[in-house]
Every structure is written in C-alpha cells, then in structure tokens.
Amino acid sequence: MIASTTPSSAATDTRLGILLMLLGMSLFTVNDALGKWLVADYPVAMLLAIRSLFGAMLLAPLILREGVRSVFAVKRLPLHLLRVGCVAGEVACFYWAVRSLPLANVMTIYMAAPLIVTALSVPLLGEKVGWRRWAAVVVGFAGVVIVLNPTGQFDAVPSLVALFGTLVFSTGLISTRLLRESSNLSLVSFQTFGTGLLGGAALPLVWVPPPGLDFLLLGALGVTALAGHAAMNRSLQLSPAAVVVPFQYVSIIWAVVLDLLVWGTAPTLRIIVGALLIIGSGLFVFHREQALNRGAAAEANASGGPGA
C-alpha cells in the first residue's frame with residue numbers, strides 16, 4: 001500500500017514549518033544579540049573559538065555515527081575551505097560591526113544578502129537575471145544606502161565592515177549553492193570546526209579569561225546557532241520554500257525589540273524605510289525565481305523532459 005499525503009497532514013506540516021522558521025530566526029536573533037552583548041568585553045576571535053567548541057561538542061555524536069571519513073572526506077575540498085573562510089569572515093564582521101551599531105541596523109544590512117547573491121550569480125554561476133530582478137536589486141541597494149545614511153550621521157568604519165560582511169556572507173551562500181551535493185552534516189561540520197580553528201589560532205594573542213557564566217554564554221552562541229540551523233532546515237523540509245522563506249524577515253522585528261529593551265535604542269525612520277525596501281526587494285526576487293522555476297518545470301514536462 002502506498003502512503004499518500006492528505007490535505008490535512010499537508011496543512012499541519014505547513015503550519016509546523018512556519019513555526020519552525022519563526023523559531024529558527026528567533027534563535028538566530030538571540031544569538032546575534034548575545035554576540036553583541038559579549039563582544040563588548042571579549043575579542044571576536046574568542047567568540048568564534050568558544051562558540052565553535054560548544055557546537056563541535058553537539059556535532060560529535062552525529063559525526064561519529066555517520067563516520068568521520070564520510071563527513072570530512074569530501075569532493076571539492078578547496079570550495080569547502082573557501083566557504084569556511086566566508087563563514088568565519090562574515091561572523092567576525094557582524095560581531096565587529098554590532099560593537100558600534102544597533103543590532104537592527106546591522107541585521108538590516110545583512111538582509112541584503114539575497115540581492116547580492118542575485119547580482120553575483122551572473123558572473124560566478126553563469127545564471128541569467130532579467131530586468132525585473134535587476135530592478136529589485138537596485139531598489140534593495142537603495143534601501144541599504146538609506147540605512148547607511150552616508151550623507152548624514154554616518155559611522156563609516158562599522159557600517160562598511162557590515163557591508164563587507166554582507167558581501168562575504170553572500171559569497172558563502174553561493175559556495176553553499178555550488179556544494180549542494182554535500183550533506184548538511186558535512187557543511188555544518190566544516191564551518192563549525194573550520195571557524196573554531198581560525199578563531200583558535202588567534203587565541204594566544206587575544207585571550208581574556210572569562211568567568212564561568214560568561215564562558216557558558218560564549219558557548220551558548222554555538223548552541224543557539226546550531227539549533228537555529230536545525231529548525232530552519234527542518235522548516236524547509238516540511239513546507240514549501242515560498243511559504244516559509246518570507247518569515248525569515250521576522251528577525252529584523254526581534255532585533256528592533258531587543259535593541260529597544262536591552263540597549264534602549266529605538267529604530268529611526270530611515271532604518272524602517274530602508275528595511276522595507278530591502279525586504280520588499282528580497283521577497284520580489286525570491287518569488288520571481290520561484291515563478292521562473294515553475295515555468296521551466298512546466299515547459300520541461302510539456303516537451304517530455306527527463307524521465308518522461
């Protein structure tokens with residue numbers, strides 16, 4: 001007997017997928033806020049190393065069950081190493097930027113990553129981008145400029161660090177797309193252990209002995225990040241991407257709330273306007289790609305594509 005998915009079970013999966021996406025993005029925002037809190041007292045290298053240590057402890061049983069060789073003996077090793085460098089670089093840039101800027105500002109700038117990926121996919125992946133998506137990219141970058149506010153109160157160094165971190169983050173996303181044949185465990189393990197090694201290499205130069213509670217809070221960065229990734233990945237398994245991906249932007253709302261409650265920083269009008277432009281452009285690009293993919297699949301089916 002062949003099992004079938006009933007409409008009620010599909011609706012339940014979709015609702016659960018939305019809840020898991022909301023949970024995942026909330027965990028990421030807590031992670032980012034905790035990083036902003038800790039980076040005021042500890043060097044970025046310590047945050048990278050200790051959070052990776054705790055993440056590695058959680059991953060170890062999964063790696064041993066799967067087999068160390070099968071997890072780490074991967075194809076295209078140089079691309080994996082490039083991705084590790086991008087992950088470590090963008091996290092370092094994020095923590096460095098939030099030392100001086102409100103959490104919501106930095107997260108809003110990072111939300112431009114899908115637009116940068118769209119732009120970079122032309123030279124790096126050979127993909128075609130139509131004028132509608134190019135127009136959305138331009139509008140989204142206008143939102144970034146509004147957030148940065150270069151003609152007014154412009155904190156140049158942390159703002160440019162955040163912008164550079166977004167570019168590095170986008171490059172990492174493209175490398176992940178190129179490594180889509182790799183397992184999730186391999187990708188997460190490489191980024192966790194690789195980031196830990198890069199952060200650990202600088203520890204002798206920057207080590208500051210943390211009290212017990214602070215050490216646990218530094219470790220909580222790794223736990224919340226892994227839990228957020230797990231929730232987001234499970235969400236995408238249960239629900240269509242077109243349904244759950246827009247809920248990623250809830251992280252900006254949480255960032256605004258945490259800025260207000262913890263640091264007493266209210267969002268300015270330009271942050272709100274810039275965020276709306278970036279979010280709107282990102283959603284348009286995403287839904288446009290979904291529509292193009294559906295159209296290509298329909299044409300393949302109509303013409304008798306593979307497996308027909």
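Predicted model: local features only at pLDDT ≥ 70, side-chain atom pairs only at ≥ 80, totals over all residues.
1. Which residue forms a salt bridge with Glu127, and how far apart are the closest N and O atoms? The partner is Arg177, and the closest N and O atoms of the pair are 3.0 Å apart. This pair links distant parts of the chain, since Arg177 belongs to helix α8 (residues 156-178) and Glu127 to the loop between α6 (113-125) and α7 (131-148), 50 residues apart.

2. Arg177 has a relative accessibility of 29% and counts as partly exposed. Glu127 has a relative accessible area of 31% and is likewise partly exposed, because the term covers values between 20% and 50%.

3. In total, the structure holds two salt bridges. Side chains of opposite charge can pair when their charged atoms come close. In the other bridge, the side chains of Glu289 and Arg133 meet, with an N to O distance of 3.7 Å. Distant parts of the chain are again linked by this pair: Glu289 is in helix α14 (residues 269-302) and Arg133 in helix α7, 156 residues apart.

4. Are Glu289 and Arg133 buried or partly exposed? Glu289, with a relative accessible area of 24%, is partly exposed. Arg133 has a relative accessible area of 9% and is therefore classed as buried, the limit being under 20%.

5. The surface carries a nonpolar patch formed by Trp37, Ile253, Trp254, Val257, Leu261 and Val262. Together these residues have about 620 Å² of accessible area. Helix α13 (residues 250-262) provides the largest share of the patch, five residues. Trp37, by contrast, is found in helix α1 (residues 7-38).

6. A further point concerns the second largest pocket, whose volume is about 370 Å³. Rolling a probe the size of a water molecule over the atoms shows where empty space is left. The lining of this pocket consists of 16 residues, and Leu59, Leu62, Asn184, Leu185 and Val188 are those that lie nearest its centre.

7. Which helices each supply at least two residues of the lining of the second largest pocket? They are α2 (44-66), α9 (184-201) and α11 (212-238). The largest share, seven residues, comes from α11. Sorted by class, the lining of the second largest pocket comprises eight nonpolar, five polar and three charged residues.

Conventions. Residues numbered from 1 in each chain as written. Heavy atoms only, no water. Patch = residues over 30% accessible without salt bridge, like charges linked within 9 Å, V, L, I, M, F, W, Y side chains within 5 Å. Areas by Shrake-Rupley, 256 points an atom, 1.4 Å probe, with all protein chains shown as cover. Salt bridge = Lys/Arg side-chain N within 4 Å of Asp/Glu carboxyl O. Helix = DSSP H or I, 4+ residues; strand = E, 2+ residues; numbered from the N terminus. Buried < 20%, exposed > 50% of the residue type's maximum accessible area, 1.4 Å probe, protein only. 1 Å grid on protein atoms, 1.4 Å probe; cavity = no way out; pocket = protein on both sides within 12 Å on 5 of 7 lines; lining within 4 Å. Points joined across faces, edges and corners; volume = space filled by probe spheres on them. Nonpolar A, V, L, I, M, F, W, Y, C, P; charged D, E, K, R; others polar.
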